[in-house]
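Here are a few exercises to work through with the model open beside you. Try each task before reading its solution.

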Amino acid sequence: MLSLLLLLGITALAGCHHTPDDVQVRESIASVAKAAEAGSASDVTASLSDDFDGNSGELDRRSLANTIRLVALRGDHIGVATGPITIEPRGERIVATFTVTLTSGGKWLPDQLGVYHVESAWRKDGRHWLCYTATWTHSN
């Protein structure tokens, strides 16, 4: 009986554990990078809101997923390396800024490869943080 109570107590404590918001956003960014490298469009878009807006209308959730699918269908590989992530809470939202370096083992849009400065905005949807907008500029 004591073992059962101890197990229930440990389970309850584990259920009460709350991952800090900044850690959740960092983990989501890392997960998107890993999914892009794996060519998994659904995993790339899992952390994006349905109304995601990339670079002021240049790329939405659907077109990003289609780009990842196209790269995967062609058998190309996208290399994604993120730099340090700066998190800035803004009321109920979070802004995350970082650099991302895109490399490729194939012929995927060679003019798109290189280092980008990214600013992304996140909002909470239930228990999860979703990126609803991002802007990026190519470093020269």
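**Exercise 1.** Which residues of helix 2 are buried?

Solution. Before starting, note that this is a predicted model, in which local features need pLDDT of at least 70, side-chain atom pairs count only at pLDDT 80 or more, and totals for chains, interfaces and linings use all residues. Residues are numbered from 1 along each chain as its sequence is written, and side-chain values use heavy atoms, with hydrogens and water left out.

Step 1: find the helix. Helices are DSSP runs of H or I with at least four residues, strands are runs of E with at least two, and both are numbered from the N terminus. Helix 2 covers residues 21-38.

Step 2: apply the cut-offs. Buried means under 20% relative accessible area, exposed over 50%, and partly exposed in between, with a 1.4 Å probe and protein chains only. The buried set is Q24, V25, S28, I29, A33, A35 and A36.

Step 3: recall the geometry. An α-helix has 3.6 residues a turn, so residues three or four places apart point the same way.

Step 4: look past the end. G39 follows helix 2 and has a positive phi, near 75 degrees.

**Exercise 2.** Is N55 buried or exposed, and is S56 buried or exposed?

Solution. Step 1: locate them. N55 sits in the loop between strand 1 (48-54) and strand 2 (59-60), and S56 is in the loop between strand 1 and strand 2 too.

Step 2: check the backbone. Most residues other than glycine have a negative phi. N55, however, has a positive phi near 50 degrees, and S56 has a positive phi of about 50 degrees.

Step 3: read the accessibility. N55 counts as buried at 17% relative accessibility, whereas S56 is exposed at 67%.

**Exercise 3.** How does strand 6 pair with strand 5, and what joins strand 6 to strand 7?

Solution. Step 1: take strand 5. Two strands pair if DSSP finds at least two bridges between them. Strand 5 (residues 93-104) and strand 6 (residues 114-125) are antiparallel, with 10 bridges; A96 stands opposite S120 of strand 6.

Step 2: take strand 7. Strand 6 is joined to strand 7 (residues 128-138) by 10 bridges, again antiparallel, and W122 stands opposite C131 in strand 7.

Step 3: inspect the turn. The hairpin of strand 6 and strand 7 has 2 residues between the strands, and G126 there takes a positive phi near 70 degrees.

Definitions and conventions:
The expected span of a helix is 1.5 Å times one less than its number of residues.
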